[in-house]
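Here is a friendly note to read alongside the model. Keep the sequence and the 3D view open, and find each residue as it comes up.

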Amino acid sequence: MKDTVLITCFNKPFDEKLAAAFVQRGFRVYAMGSKHAQGVTLLPCAADEASCALREKEGKLDFLLDTTDTDEEQDNFTVRCGINPQVMERVFRQNVLRSMSLLEAFLPLLDEGEGKRLFYLTSAKSSINETRRIDHFGYNMSKTALHQFIQMTRNKLFDKGYTFRVFDPVYDEAAPEDAAQSAFNYITRRRGTENNDPKRDDEDNLVFRDAFGRQHCW
């Protein structure tokens, strides 16, 4: 049976190119939304409805690719001009709470699959150590919260065979097709062991990489 892949957001060129990369390699690809693409089976936008539909069609899920990545134009305030709590709440709900609800909805199907790989989008611009931004409070803080959620989730699921990929598509530098190909390679390959020593397996580390293969700090 072919591995099943679910892409949770299907509204950016990167999402479409990522889906195409999996379709071309023979994966069974599903996406939540209404935008049609060759080889991709659409599911409802609501997490619970989508998980029920996927259970009927496949009965399992191998790769959950959470491509949620909301950054509003109105999220442009700085500490001197004051924050907009409504904008911050909307961004937080999308980038954090939605990701939490998606994992909750699809975790039973992931338990039935063999892949057990979780993929999340983030940005080096939200890294506490690397950011030089003075605005986009909502986005940066939501991704910081997402990082904490991923760490806590890994602590709970790692012993059950789950592995994690956290990725920055670098939208303003990398072409969507190049970023998607880099993401596909990162998602589908196992991270190596040091000197073939299983005690030094790189899967034990939780890091995030970008479309150019660079590793970033949280």
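1. A word on the ground rules. This is a predicted model, in which local features need pLDDT of at least 70 and side-chain atom pairs count only at pLDDT 80 or more, while totals for chains, interfaces and linings use all residues. Residues are numbered from 1 along each chain as its sequence is written, and side-chain values use heavy atoms, with hydrogens and water left out.

2. Start with the sheet. Helices (H or I, at least four residues) and strands (E, at least two) are DSSP runs, numbered from the N terminus. Two strands pair if DSSP finds at least two bridges between them. As background, strands of a sheet pair through backbone hydrogen bonds, either parallel or antiparallel.

3. Both kinds of pairing can be found here. E1 and E2 are joined in the parallel sense by 4 bridges, and Val5 stands opposite Val29 in E2. Strand E9 (residues 208–210) and E10 run antiparallel, with 2 bridges between them; there, Phe208 faces His216 in E10.

4. What covers the faces of E1? Look at the residues themselves: Thr4 and Leu6 on one side, and Val5 and Ile7 on the other, are all buried, and both faces of the strand are covered. Buried means under 20% relative accessible area, exposed over 50%, and partly exposed in between (1.4 Å probe, protein chains only).

5. Now the helices on the sheet. Contact means heavy atoms within 4.5 Å.

6. Next, the spaces. On a 1 Å grid over the protein atoms alone, a cavity is a set of points where a 1.4 Å probe fits but cannot get out, and a pocket is an open set with protein on both sides within 12 Å along at least five of seven lines; lining residues have an atom within 4 Å of a point. Grid points are joined across faces, edges and corners, and a volume is the space filled by probe spheres set on the points. The largest pocket holds about 260 Å³. Its lining has 17 residues, with Ser123, Lys125, Asp168, Tyr171 and Asp172 nearest the centre. By class, that lining divides into 5 nonpolar, 3 polar and 9 charged residues. (Ala, Val, Leu, Ile, Met, Phe, Trp, Tyr, Cys and Pro count as nonpolar, Asp, Glu, Lys and Arg as charged, and the others, Gly among them, as polar.)

7. There is 1 cavity of 30 Å³ or more, and the largest cavity has about 40 Å³ of space. Its lining includes Arg154, Tyr162, Arg191 and Glu203. E6 gives the most to this lining, with 3 residues. The classes here are 4 nonpolar, 2 polar and 4 charged.

8. Two residues have backbone angles worth a look. Lys116, in the loop between H3 and E5, has a positive phi of about 50 degrees although it is not a glycine. His136, in the loop between E5 and helix H4 (137–157), also has a positive phi, near 55 degrees. Lys116 counts as buried because its relative accessibility is 15%. His136 is buried too, with a relative accessible area of 17%, and among the residues that His136 touches are Asp71, Glu72 and Phe77.

9. Finally, is Ser99 buried or exposed? Ser99, in helix H3 (residues 85–112), has a relative accessible area of 2%, so it is buried. Its contacts beyond four places in sequence include Asp66, Tyr120 and Phe149. Cys52, in helix H2 (residues 47–57), is partly exposed at 48%.
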